[in-house]
Amino acid sequence: MAYDKDNIFAKILRGEIPCNKIYEDEFALAFHDINPQAPIHVLVIPKGEYVSMSDFTADAPDELIVGFFRAVGLVAKQLGLDEPGYRTLANIGEHGRQEVPHLHMHIFGGKKLGSMI
Ligand code: AMP
């Protein structure tokens, strides 16, 4: 799937629309989800034009893949979620119900979560 440069997360990365940012480095940006599904619901997005996990892991430079996943772990830790635990989730494509076509990792926490699907 071709990357749509006008998707909402691309606009957030370009600073064209605001986000409630909690972390940023050269590889990733993390911000609170606008419609939280748990007491803590954060999104982490890589700084690059990738729609899916397949695109990202096949085409992104190694340092970006490492940097992105490091950021996910760091953000969860900074949110104090390591010990009680949390969930990461990436929705991909139609069956995954992906709404925004820029790869993103959800971090859910702040309570004991329900079942997987
Ligand atoms: P999905 O693509 O299905 O994994 O989910 C996209 C997520 O992005 C949803 O949880 C939305 O609530 C969230 N979202 C959409 N627009 C924004 C925005 N402007 N700022 C923060 N989160 C957003």
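The legends below describe close-up views of a predicted model.

**View 1. A tilted aromatic pair formed by Phe56 and Phe69.** The structure holds 5 aromatic pairs. In the pair shown here, the rings of Phe56 and Phe69 lie 6.4 Å apart, centre to centre, with 50° between their planes. Phe56 belongs to helix α2 (residues 53–59) and Phe69 to helix α3 (residues 62–78), so the pair ties together parts that are 13 residues apart in sequence. The two partners can also be described by their accessibility. Phe56 has a relative accessibility of 0% and therefore counts as buried. Phe69, at 36% relative accessibility, counts as partly exposed.

**View 2. An edge-to-face pair formed by Phe68 and Phe69.** The ring centres of Phe68 and Phe69 are 5.1 Å apart. Their planes stand at 70°, so the pair is edge-to-face; the cut-off for this class is an angle over 60 degrees. Phe68 has a relative accessible area of 0% and is therefore buried.

**View 3. A cluster of aromatic rings.** Tyr50, Phe56, Phe68 and Phe69 are linked into a cluster by ring pairs. Among these links are the tilted pair of Phe56 with Phe69 and the edge-to-face pair of Phe68 with Phe69.

View 4. Four elements, α1 (8–13), β2 (28–32), β3 (40–46) and β5 (105–109), each give two or more residues to the lining. Helix α1 provides the largest share, 3 residues. Which classes of residue make up the lining of the largest pocket? By class, the lining has 12 nonpolar, 11 polar and 3 charged residues.

View 5. Which residues of its lining are the closest to its centre? Among the 10 lining residues, those closest to the centre are Arg87, Leu89, Phe108, Ser115 and Met116. The lining of the second largest pocket divides into 6 nonpolar, 3 polar and 1 charged residue.

How values were computed:
Residues are numbered from 1 along each chain as its sequence is written. This is a predicted model: local features need pLDDT of at least 70, side-chain atom pairs count only at pLDDT 80 or more; totals for chains, interfaces and linings use all residues. Side-chain values use heavy atoms; hydrogens and water are left out. Rings of Phe, Tyr and Trp (its six-membered ring) pair if their centres lie within 6.5 Å; planes under 30 degrees apart count as stacked, over 60 as edge-to-face and the rest as tilted. Buried means under 20% relative accessible area, exposed over 50%, partly exposed in between (1.4 Å probe, protein chains only). Ala, Val, Leu, Ile, Met, Phe, Trp, Tyr, Cys and Pro count as nonpolar, Asp, Glu, Lys and Arg as charged, and the others, Gly among them, as polar. On a 1 Å grid over the protein atoms alone, a cavity is a set of points where a 1.4 Å probe fits but cannot get out, and a pocket is an open set with protein on both sides within 12 Å along at least five of seven lines; lining residues have an atom within 4 Å of a point.
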